[in-house]
Amino acid sequence: MNNIARTNDFVVRFANVNGSGSASANNLFAKAIFRMGVPVSPKNIFPSNIQGLPTWYEVRVSDRGYLARRGGYDLAVAVNGQTLLRDYLDLPPGGYFLYDSTRELSADFDRKDVTLLPVPLTELCNTAFEHPKLRQLLKNIIYVGALASLLDMEFTVLTEAVERQYAKNAKLAGPNIKALELGHDYAATHLAGRCQLKVQRIDGVGERILVDGNTAFGLGALYGGATVVGWYPITPSTSVIEAFEKYCRKFRVEEDGGRRKVAILQAEDEMAALGIVIGASWNGARAFTATSGPGISLMNELLGLGYFAELPAVVLNVQRAGPSTGMPTRTQQADILASAYASHGDTKHPLLFPSDPLECFEMAADALDLAERLQTPVLVLSDLDLGMNDNLSPPFTWDDSRRYDRGKVLSHDDLERRQEKWGRYLDVDGDGICYRTYPGTHPDKGSYFTRGTSHNEYSGYTEDNVIYQTGMERLTKKWQTAKTLVPGPVLAMRDDASPLGAIFVGTSTAAACEALDLLAEKGIVINAMRLRAFPFADEVYRFINAHRQVFVIEQNRDAQLRTLLVNEGDVDPAKLPSVLHFDGLPITATTICTQIEAHLTSNRQLPTQDGGRR
Amino acid sequence: MSSERPVFRHPQATKNSAGYSRKDYEGAISTLCAGCGHDSTTNAIIQACFELAIEPHRVAKMSGIGCSSKTPAYFLGRSHGFNAVHGRMPAIAAGANMANRELLYIGISGDGDTASIGMGQFAHALRRNLNLNYICMNNGCYGLTKGQDSATADRGSAGKKGEPNPYSAIDLCKLAIELGASYVARGFSGDKQQLVPLIKGAFAHNGLAFIDVISPCVTFNNTSTSTKSYEYVREHIEATNTFDFIPLQQEILAHYPEGTSQEVVMHDGSIISLHKSEAGKEVTSRRHALDGLEEEKAKGRLLTGLLYVDPHSVDTHEIINSTLRPLNTLVEADLCPGGAALAKLMDGWR
């Protein structure tokens with residue numbers, strides 16, 4: 001039997017029971033690898049359930065820095081009886097199976113190509129610890145200790161992590177360290193030499209941090225000056241608001257009296273959540289909400305109001321697998337069209353696509369600026385994979401000289417000085433963006449009536465066909481202005497002469513980049529463009545037109561990003577073959593390679609060494 | 001279409017203590033049907049604002065959709081207004097109020113807007129005790145879509161279409177009291193004497209003040225078979241109390257024999273002085289208020305007046321302990337912790 005033998009390049013899959021306290025143990029493992037300088041990518045594959053159903057946690061260790069889900073696993077830590085056999089059978093030949101040997105495995109576990117790593121977790125735990133609740137948690141820590149030995153990890157990294165975690169509660173550090181030692185010593189004594197997977201310290205992480213995108217967005221919104229939040233709990237967006245609130249408790253409390261410089265209202269539904277945001281923005285406060293697909297469906301009405309009455313709003317959509325309730329704890333990029341064109345009538349909204357926690361942080365603040373500059377709702381499209389999983393990310397920075405862009409707002413003095421008649425919807429600058437006022441600014445100048453009904457340039461109600469159409473055309477002009485303000489695409493040219501390109505957004509990025517590396521190794525050279533915003537810059541269409549074929553890689557069934565590209569620019573749809581992944585798990589490089597190669601083969605377009613180019 | 005009023009101002013027009021004449025509180029000319037109850041309600045709002053010398057630009061007018069929700073265009077033309085979408089006025093008003101706690105918020109809604117499509121938002125504005133003056137112009141029907149029954153139409157009542165309403169009616173005042181409203185009143189658009197002080201009391205109240213104004217629809221629901229017609233309401237109205245509203249700055253001039261009046265000191269120091277018709281109900285008792293509504297209903301009477309008030313009411317801003325400064329005035333220095341604090345946070349993620 002050939003055991004899988006690899007250093008700093010493998011996947012461990014933990015199989016746990018939801019609600020059994022496994023998350024902190026599994027995080028500890030991932031964090032320890034990260035602290036050994038090895039790029040790591042943990043992904044939580046969890047059920048829509050609080051307690052009892054199976055949950056998995058996959059940790060990809062990659063010295064080459066590939067952070068996408070790899071697919072498959074080399075070592076299973078199987079401590080969930082419900083899925084034990086499946087976790088065993090899904091192992092590749094040469095894989096490893098760590099299990100709780102307090103109970104013997106049944107006869108079904110008879111593979112000859114799998115190395116068993118039996119550790120009597122329950123027995124070790126119950127012998128060492130009295131407290132029943134602690135036993136449950138510490139059993140998980142014991143397997144982390146065992147892994148440390150099996151994988152040759154630096155044990156002190158783990159013990160230090162525990163000490164740091166329980167710095168304020170030293171009583172808990174002791175039992176955790178004891179549990180680590182129990183597992184470590186058992187594996188060292190009984191399983192030495194059985195595992196050929198190793199972790200070795202390298203300098204592969206640098207300055208980077210390990211954090212989830214939702215926390216990053218919440219912090220970014222705080223830095224960006226959001227003061228009003230309306231929200232309704234929905235997976236996977238809830239932790240955005242929790243993070244925002246946590247940082248508000250830290251940074252937004254007045255020293256004198258302890259009052260808070262923020263208003264967070266948990267709304268009755270997503271319609272009210274966005275209503276709160278729109279009302280606050282109308283009144284001059286920066287406001288945002290976070291939601292997911294079902295929330296976007298409900299917000300459609302108010303997104304149309306925001307578009308037509310020209311009111312800022314920031315909506316973070318942490319996408320999950322739809323349609324309907326779908327798979328609430330699985331990931332997708334399937335709300336692209338629903339977000340871009342949300343609401344009835346002719347509407348479209350700027351979208352931002354963060355691909356890592358740094359961009360979640362930055363785009364939160366940027367979206368607040370953009371929404372006020374453009375006086376329109378701006379949607380940020382994250383997803384469960386980015387939002388809820390810890391992602392390796394460049395650290396966040398903040399330029400203290402940065403000033404919030406509050407857009408075109410007339411102050412009391414501006415109104416005083418103004419000679420010409422002011423109109424709320426009068427496009428004096430020719431960029432489609434008009435000047436607004438906040439309520440209460442001036443005793444007799446600058447008041448106006450905001451309405452979702454058709455209005456003239458002075459915000460008076462009108463049903464005049466010409467005035468209505470002129471107003472709609474001005475909104476189109478504003479859309480052109482938006483194009484110049486949203487973050488541009490990121491280009492990665494491998495070969496100017498290659499006829500092939502690829503376009504992707506958000507969490508498809510890591511897998512796409514890895515796939516393009518793998519294809520390049522096979523001689524298939526593909527240039528890449530990562531989109532960061534909608535409306536699409538002209539550069540996007542220049543990129544498409546400069547290639548014969550551009551693969552659009554995305555995580556939904558209906559090729560929504562491709563549809564948007566075709567709809568919004570002058571491009572032949574035949575130029576844009578799709579690479580689609582929509583099973584609810586994060587996309588892998590393998591999926592992308594397989595689909596691209598299949599397409600090239602079926603179209604006989606595999607570029608040869610010297611031919612196949614334009 | 002709305003049209004502007006002529007700008008002519010009578011030079012001798014009486015001015016209030018803020019220097020505004022009554023005309024300064026008017027808006028565009030109403031486009032509602034002649035005789036619409038809503039126009040009378042609008043006038044009562046103008047009168048209340050004028051008499052209280054409220055600065056027009058410190059008022060924000062919020063509304064949903066429907067005939068009633070059009071009326072913010074017809075009063076306080078110097079105030080910002082927001083005619084939103086159907087049933088969503090409370091949330092938008094909540095956001096606006098969170099952004100600036102210093103303005104006076106008047107929310108105008110109707111029975112369709114409040115009792116049907118916006119029922120959820122109505123309920124939650126009440127339980128949050130948003131500092132909002134929520135005026136529902138209640139005519140028991142959908143005027144803009146030509147007279148369908150609304151959820152406040154009494155069972156058996158029939159409008160112009162002639163079909164008696166088969167469903168039970170929602171009593172918005174009872175509901176508001178149940179849901180935790182801190183100021184609940186019912187008025188009649190045809191009784192300005194009563195309505196103006198009800199509105200003034202609402203303005204002085206710290207928290208959600210709900211006024212259900214029975215406001216007949218002359219076009220679709222003013223028939224002899226309707227319980228929301230001018231005639232029916234006039235014949236069946238029962239005032240729980242008459243009262244004076246005495247603003248903070250003003251001296252109490254009227255004196256009533258002991259035992260015949262109840263004074264309620266409002267949050268801002270204003271006084272509501274109630275003259276009880278009989279051995280009256282305690283206006284600060286939620287249970288008495290509900291009993292009163294039930295008892296009059298059993299007699300086929302419609303109880304109006306100030307039904308319930310909690311003078312110690314605490315509004316949303318107090319509940320969430322938000323800063324006394326308007327949030328929309330805070331700047332980078334107040335809001336952004338800066339680069340050094342961020343660098344420190346990074347260490348926690350390494």
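1. A word on terms: axes are lines fitted to C-alpha atoms, for helices over the stretch in contact, and angles run from 0 to 180 degrees between N-to-C directions. Helices (H or I, at least four residues) and strands (E, at least two) are DSSP runs, numbered from the N terminus. This is a predicted model, in which local features need pLDDT of at least 70, side-chain atom pairs count only at pLDDT 80 or more, and totals for chains, interfaces and linings use all residues. Residues are numbered from 1 along each chain as its sequence is written, while chains are lettered from A and ligands numbered from 1 in the order in which they are written.

2. In chain A, the axes of helix 1 (residues 22-35) and helix 4 (residues 132-150) come within 8 Å and cross at roughly 20°. That makes helix 1 of chain A roughly parallel to helix 4 of chain A (angles under 35 degrees count as such). Residues in contact (C-beta atoms, placed from the backbone, within 7 Å) include A:Leu28 and A:Phe29 from helix 1 and A:Ile141 and A:Val144 from helix 4.

3. Helix 7 (residues 213-223) of chain A has 11 of its 11 residues buried, so it is largely enclosed by the rest of the structure. Buried here requires 20 or more other C-beta atoms within 10 Å of a residue's own, with C-beta atoms placed from the backbone. Among these buried residues are A:Phe217 and A:Tyr223. A:Gly225, which follows helix 7 of chain A, has a positive phi, near 90°.

4. Chain A also has an open sheet of 7 strands, in the order 11-10-12-13-15-14-21, with mixed pairing (strands pair if DSSP finds at least two bridges between them).

Definitions and conventions
Angles under 35 degrees count as roughly parallel, over 145 as roughly antiparallel, 65 to 115 as roughly perpendicular and the rest as oblique. Two residues are in contact if their C-beta atoms, placed from the backbone, lie within 7 Å. A residue is buried if 20 or more other C-beta atoms lie within 10 Å of its own, exposed if 12 or fewer, and partly exposed in between; C-beta atoms are placed from the backbone.
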